[in-house]
Amino acid sequence: MHRLKTRPQFQAAMAGGTIARTAHFALHRLVLSADASGSAAAPSGPGDPPAKVGAQALFALEAAWLGAMVPKRWARRAVTRNAIKRQIYAVAALHEAQLPAAAHVVRLRSTFDRKQFISPSSDLLKQAVRAELMQLFARAHKNSQPAKAERGEGAKALSV
């Protein structure tokens, strides 16, 4: 799995839309098309919007890409932000086989209660974050299943 590193990569992935949410996290996905993966400067066709072609050019390889956004607004301490990011990347590594070739961004969208989680890097906080991230990736996998069935891939698997 590749990591998102630049601001344009994060912006493109977040523009792809939200596919799953939990109480504290949101997962955004930009599906990478097969025709733009061959080269970084794929020529645009007359029907391709320039924004889509530009976003595809940010990702040289057609593979799973992941980025983590943990704003200071929702996690004031750097220790907490780093602990949450480590949990995001660890849980995503467990679900790497289920992730499609797309750019993903996991975004913290609300704060964890400091009264409940007193220590910024407590085991209790890490367990709560990990459990919610597992739920987030399970929802994302569940939400991507109907799209496969609509394209006919699910029908092929059932008939075999």
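Before any residue is discussed, one term: buried means under 20% relative accessible area, exposed means over 50%, and partly exposed covers what lies in between, with a 1.4 Å probe and protein chains only. Areas come from the Shrake-Rupley method with a 1.4 Å probe, and for residues only the protein chains shown count as cover.

What you see is a predicted model, in which local features need pLDDT of at least 70 and side-chain atom pairs count only at pLDDT 80 or more, while totals for chains, interfaces and linings use all residues. Residues are numbered from 1 along each chain as its sequence is written, and side-chain values use heavy atoms, with hydrogens and water left out.

I'll start with Gln9. With a relative accessible area of 8%, Gln9 counts as buried. Gln9 belongs to helix H1, residues 7-15; helices here are DSSP runs of H or I of at least four residues, strands are runs of E of at least two, and both are numbered from the N terminus. Contact, in what follows, means heavy atoms within 4.5 Å. Setting aside neighbours within four places in sequence, Gln9 is in contact with Leu4, Leu58, Phe59 and Trp65.

Now the overall layout. The chain has five helices and five strands, and from the N terminus on they run β-α-β-β-α-β-α-β-α-α. Of the 160 residues, 36% are buried. Among contacts with a separation of 6 or more, 77% are between residues 24 or more positions apart. The accessible surface of the chain is about 9,300 Å², and carbon and sulfur atoms hold 56% of that.

On to the interior. A nonpolar core is a set of buried Ala, Val, Leu, Ile, Met, Phe, Trp, Tyr and Cys residues joined through side-chain atoms within 4.5 Å. The largest one has 24 residues, and those touching the most other members are Phe25, Ile84, Ile88, Val106, Phe112 and Leu133. Two or more residues come from each of strand S3 (25-31), strand S4 (65-69), helix H3 (78-94), strand S5 (102-108) and helix H4 (123-151). H4 gives the largest share, six residues.

Which residues does Ile88 touch beyond its neighbours within four places in sequence? They are Phe25, Leu66, Ala68, Val70, Val106 and Leu133. Another core lies apart from the largest one; it has 10 residues, including Ala12, Leu30, Leu32 and Phe59.

Next, the rings. Rings of Phe, Tyr and Trp (its six-membered ring) pair if their centres lie within 6.5 Å; planes under 30 degrees apart count as stacked, over 60 as edge-to-face and the rest as tilted. There are two aromatic pairs in the structure. Phe25 and Phe112 have ring centres 6.1 Å apart and planes at 55 degrees, so this pair is tilted. Phe25 is in strand S3 and Phe112 in the loop between S5 and H4, 87 residues apart, so the pair links distant parts of the chain. Both Phe25 and Phe112 are buried. For Phe112 and Phe117, the centres are 5.9 Å apart and the planes at 80 degrees, so that pair is edge-to-face. Phe117 is buried as well, at 10% relative accessibility. Through these ring pairs, Phe25, Phe112 and Phe117 form a cluster.

Back to H3. This helix has 17 residues and reaches 25 Å from its first C-alpha to its last, close to the 24 Å expected at 1.5 Å a residue; the expected span is 1.5 Å times one less than the number of residues. Among its buried residues are Ala83, Ile84, Gln87, Ile88 and Tyr89. The charged end of Arg3 sits over the ring of Tyr89, 3.6 Å from its centre; the criterion is NZ of Lys or CZ of Arg within 6 Å of the ring centre and within 35 degrees of the ring normal.

Lys126, in helix H4, is partly exposed at 28% relative accessibility. Not counting residues up to four places away in sequence, Lys126 touches Ala83, Gln87 and Ser121. Its C-alpha atom is 7.2 Å from that of Ala83, 43 residues apart along the chain.

Last, Gly67, in strand S4. Is Gly67 buried or exposed? Buried, at 0% relative accessibility. Leaving aside neighbours within four places in sequence, Gly67 is in contact with Leu4, Phe10, Tyr89, His104, Val105 and Val106. Gly67 and His2 are 65 residues apart in sequence, with 8.7 Å between their C-alpha atoms.
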